[in-house]
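Hi everyone, thanks for coming. Let's look at the structure together and then talk about its pockets.

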Amino acid sequence: MSEKKAKLPETAVTPVEYDPQYILMVNGLKKYFPIKGGMISKTVGYVKAVDGVTFNLKRGQTMGLVGESGCGKTTTGRTILRLYPDKTAGQVLFNGQEVYDLSSRELNAMRPKMQIIFQDPFSSLSPRLPVGEIIGEAVRQHNIVSKEEYNDYIDEVMDNCGLQPFHKDRYPHEFSGGQRQRICIARALALKPEFIVCDEPVSALDVSIQAQIINLLNDLQEKNNLTYLFISHDLSVVEHISDAVGVMYLGNLVEYGAKDDIFRNPLHPYTEALFSAIPVPDPTVKMKRIVLEGSIPSPANPPSGCKFHTRCVHCTERCKVEEPVQKEIEPGHFVACHKYD
């Protein structure tokens, strides 16, 4: 008897042409994870972690990616970097090259140009290696500098990230949370990348340390012309560091545009609700908080039509059956909502 598997949803995406002004072009990106069930572990469904994300990122700029926990922000970043063996659908063009079409040798050559700073600095650092080896391991692997220049180069990278040369012989458990995050930044920077995914790099740090790390990232960006995809829950941090902002909900990018446009004029009801929760440092100002009813639906069984309709006060019958498409409401400002048809 043949094994019956859950049918993979339609994933066709119309290809886009490369535009040289963008270092990264993401078009209709989808990443589904199979759900196994039964005694023979057959595929009974899919978790639609990323379900059609489209955006372009200019060189030397920072795009903030925000949304509730479980909306697919981290999976989007990891899929872009090809940290998963495959994607379900869509395009990821880095400098005009489709990341998932590269051979192993080509991907190995591209790896130094695309780096990531993980959310938890402690778990992402090997406890068995001293800091100098953690930072320098990939430098040797990719022959970034010659053997004669190696030690001086590692010292320079550490100095740029606020670390001292004597830190090279210490282990991660001997550092504070802020120092460990500087080690993670130094490890990524040592490969001379062009693009870095910052996966909530300050969420586990104290507020005072957060400011130091954000300022460090800004300084390094100006010095090295870096491009960031900055994933965060903290909208105040995103407003400070970003040039563009994307808002994700249940695997979809519901709104995307320049930072000033998004914060000045949020269009999507979900974006409005998120921004209403930003604290105002003035006790005399009355907060106009928009409280969303219910919880996020399961990405394994998302609602039909607009995924946000189960929590939206503007929901109509059309929202329940027809999925909205991304529309440009003003130059560079896109939203996926039937309100603007």
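First, a term: on a 1 Å grid over the protein atoms alone, a pocket is an open set of points where a 1.4 Å probe fits, with protein on both sides within 12 Å along at least five of seven lines, and its lining residues have an atom within 4 Å of a point. A volume is the space filled by probe spheres set on those points, which are joined across faces, edges and corners.

This is a predicted model, where local features need pLDDT of at least 70, side-chain atom pairs count only at pLDDT 80 or more, and totals for chains, interfaces and linings use all residues. Residues are numbered from 1 along each chain as its sequence is written, and side-chain values use heavy atoms, with hydrogens and water left out.

Now, the second largest pocket has a volume of about 340 Å³. It is lined by 17 residues, and the closest to its centre are Gln-115, Ile-116, Ala-138, Arg-187 and Leu-191. Strand S6 (114–117), H3 and helix H5 (177–189) each supply at least two lining residues; helices (H or I, at least four residues) and strands (E, at least two) are DSSP runs, numbered from the N terminus.

How big is the largest pocket? About 580 Å³ in volume. Its 30 lining residues include Asp-51, Gly-52, Asn-252, Glu-323 and Pro-324, the closest to its centre. Strand S1 (22–37), strand S2 (42–58) and strand S10 (252–258) give two or more residues each, and S2 gives the most, with five.

Back to H3: Ile-135 and Val-139 are among its residues that meet H4, where Tyr-150 and Ile-154 are among the partners, with contact meaning heavy atoms within 4.5 Å.
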